[in-house]
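Here is a short briefing on one protein model. Keep the structure open as you read.

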Amino acid sequence: MSKKVTTIMISLMLCTSLLVGCRQKSVDNTRKIGLIVSTLNNPFFVDLKSGIESEAKKLGYDVVVLDSQNDPAKEVSNMEDISVKNVDVILLNPVDSDSAIASVMVANNLELPVITVDRASNGSKVVSHVASDNVEGGKMAAKYLAEKLGNKGNIVELEGIAGSSATRDRGAGFDNEIKNSNLQIITKQSADFDRTKGLSVMENIIQSKGDINAVFAQNDEMALGALKALQDANMNDVLVVGFDATDDAVTSVQKGDMAATIAQQPKLIGETAVNLAHRFLSGETVENFAPVELKLIEKK
């Protein structure tokens, strides 16, 4: 565990000691779901939030939303803040899976149930985890590229935020499947799930690695950034595969710019998380992991 995460955990134990006993039941019968989202500066998580709010409204819940702005320390602060807003359950979309331990610990100390969404927590107690099978999604991307490239070629892999379960699992699925092919991953570099970083990282890779046949980006934002860098370098034959099936990415695929994207269906993930939370609050026993179907999208 990193020194940064350890420091956060020590500080939160001091903070939560002040918060225990401060939560009060709402004076009315309104049920509330707390949503702590890693960032709302990403279309995928905007769609996730939309799916949660839509399904919550149908089931009679209000939703309290806090944005962690991709900052683990702010995520912990958000967890402390949301604990005094009379929520019945918290849906946590972590910034990364290691720092999420500290955030979940805050809720555990206050006996608030937590369901992780899209990204898991590497520790502390959660009710359940709702996400796509990211390992399988990585395999799907690798199989697609092997087929399109005739099982030979050089691949660049753009990785997400270090420590997040999505980065780990998508990478593991992709890398293990590539080992079963004649494709070569010539470099793997992080661009933090960010479009601007995807652009700049890909520009640097183009300068140092001339022979590139395909790019697998672990989300669509990085894929679209990489695509822009390739287009600027007149490398239009390079296949780019993303992950998430955001609106911008699907449009790019249908235009013939991106080759494909793995559809993770964020609205459906959000809806599934709310339904699972509702079942839990109704006294049902719920599964530890609720998978949401994936599919590959390419030009029709």
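Buried means under 20% relative accessible area, exposed means over 50%, and partly exposed lies in between (1.4 Å probe, protein chains only). Helices (H or I, at least four residues) and strands (E, at least two) are DSSP runs, numbered from the N terminus. The model is predicted: local features need pLDDT of at least 70, side-chain atom pairs count only at pLDDT 80 or more, and totals for chains, interfaces and linings use all residues. Residues are numbered from 1 along each chain as its sequence is written, and side-chain values use heavy atoms, with hydrogens and water left out.

- Strand 3 covers residues 89–92, and both of its faces are covered.
- V89 and L91 are buried on one side, and I90 and L92 are buried on the other.
- Two strands pair if DSSP finds at least two bridges between them.
- Strand 1 (residues 31–37) runs parallel to strand 3, and four bridges join them.
- L35 stands opposite L91 of strand 3.
- Strand 4 also runs parallel to strand 3, joined by three bridges.
- Here L91 stands opposite I115 of strand 4.

**T116 in strand 4**

- T116 lies in strand 4, which spans residues 114–117.
- T116 counts as buried because its relative accessibility is 1%.
- Contact means heavy atoms within 4.5 Å.
- Leaving aside neighbours within four places in sequence, T116 is in contact with L92, P94, S121, V126, S128, H129 and V130.
- A polar contact is a pair of N or O atoms within 3.5 Å; within protein, one must be able to donate a hydrogen and the other to accept it, and residues adjacent in sequence count only if both atoms are side-chain atoms.
- The side chains of T116 and H129 make such a polar contact, at 2.9 Å.

- Six strands form an open sheet in the order 7-6-8-9-10-12, with mixed pairing.
- Strand 7 and strand 12 (295–298) are the edge strands, and each pairs on one side only.
- Neighbouring strands of this sheet are turned by 20 degrees against each other on average, direction ignored.
- Axes are lines fitted to C-alpha atoms, for helices over the stretch in contact, and angles run from 0 to 180 degrees between N-to-C directions.
- Strand 6 and strand 7 pair in the parallel sense over seven bridges.
- E159 has S190 in strand 7 as its bridge partner.
- Helix 5 (residues 134–148) packs on the sheet and touches strand 6, strand 7, strand 8, strand 9 (239–244), strand 10 (260–263) and strand 12.
- The direction of helix 5 makes about 165 degrees with that of strand 9.
- Helix 9 (residues 247–255) lies across strand 10 and strand 12, at about 50 degrees to strand 12.

**Helix 7**

- The expected span of a helix is 1.5 Å times one less than its number of residues.
- Helix 7 has 14 residues (195–208), so at 1.5 Å a residue it should span 20 Å; its end C-alpha atoms are 20 Å apart, which agrees.
- G198, V201, M202, I205 and I206 of helix 7 are buried.
- These buried residues fall within an arc of 145 degrees seen down the axis, so they line one face of helix 7.
- The arc is that of the directions from the helix axis to the C-beta atoms.
- On the other side of helix 7, T196, N204, Q207 and S208 are exposed.
- What do the buried residues of helix 7 pack against? They pack against strand 6 (153–159), strand 7 (183–190), strand 8 (214–217) and helix 8 (220–232).
- D194 caps the N-terminal end of helix 7, with a side-chain oxygen 3.1 Å from the backbone nitrogen of T196.

**T167 in helix 6**

- T167 has its place in helix 6 (residues 165–179).
- T167 counts as buried because its relative accessibility is 10%.
- Not counting residues up to four places away in sequence, T167 touches E159, G160, I161, F193 and Q218.

**Two loop residues with positive phi**

- N151 is found in the loop between helix 5 and strand 6.
- N151 has a positive phi of about 65 degrees, although it is not a glycine.
- N151 counts as partly exposed because its relative accessibility is 28%.
- Q265 is found in the loop between strand 10 and helix 10 (266–281).
- Q265 has a positive phi of about 55 degrees, and it is not a glycine.
- Q265 counts as partly exposed because its relative accessibility is 26%.
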